[in-house]
Amino acid sequence: MTNNKSKGGRNPKLDPATNRYSVNFSSEDDMRFLKMFDRSGMTSKSAFIKARIFGEPFHVVAFDKSQHEYYTKLSDFHAQFRMVGNNYNQTLKELKSHFSERRTAALVYKLEKYMMQLVQIMYEVVELTNRYEKRLIGKDN
């Protein structure tokens, strides 16, 4: 009679890693190791060490925090700019429905002046972004 009951848990590995090695680093070497590990983008230190020992390619994942912040803020600014455009259209509808033609024209004139200033700011943002990207490209070369 065979017992087909499952014990539960994971299935055992065909070739489990049972051999263990130990390496000791000085403080300076440990800092170098941790920098290399962080730059690799790997999540396991043991997999990173094995990859170095057996000569697998070393991929560096570069993450520039300032660049990430810049593009996050740029995306936020773009979203706000779109909201202003949406609010502009809603404001024009409300002005036309609640004010006289003369008063509406005066308010629309002021609103257009502010919108032109906003468009100018947007052009400046685009120019600054272009210069920033050119500077980043220059760093890579």
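Thr129 is buried, having a relative accessible area of 9%, where buried stands for under 20% relative accessible area, exposed for over 50% and partly exposed for anything in between (1.4 Å probe, protein chains only). This is a predicted model, in which local features need pLDDT of at least 70 and side-chain atom pairs count only at pLDDT 80 or more, while totals for chains, interfaces and linings use all residues. Residues are numbered from 1 along each chain as its sequence is written, and side-chain values use heavy atoms, with hydrogens and water left out.

Thr129 sits in helix 4 (residues 101-140). Leaving aside residues up to four places away in sequence, Thr129 touches Tyr70 and Leu74, a contact being heavy atoms within 4.5 Å. The protein chain as a whole has four helices and zero strands, giving the pattern α-α-α-α along the sequence; helices (H or I, at least four residues) and strands (E, at least two) are DSSP runs, numbered from the N terminus. Among contacts with a separation of 6 or more, 41% join residues 24 or more positions apart.

The protein chain exposes about 13,200 Å², with 54% of it supplied by carbon and sulfur atoms (Shrake-Rupley method, 1.4 Å probe; for residues, only the protein chains shown count as cover). Ile49, Ile53 and Phe54 make a nonpolar surface patch of about 340 Å²; such patches gather residues with over 30% relative accessible area and no salt bridge, joining nonpolar side chains (Val, Leu, Ile, Met, Phe, Trp, Tyr) within 5 Å and like charges within 9 Å. Phe54 belongs to the loop between helix 2 (45-53) and helix 3 (65-98) and counts as exposed because its relative accessibility is 64%.

Finally, the count of salt bridges comes to one, the rule being a side-chain nitrogen of Lys or Arg within 4 Å of a carboxyl oxygen of Asp or Glu. The side chains of Arg32 and Asp29 form this bridge (3.9 Å, N to O). Both residues lie in helix 1, three residues apart, about one turn of the helix.
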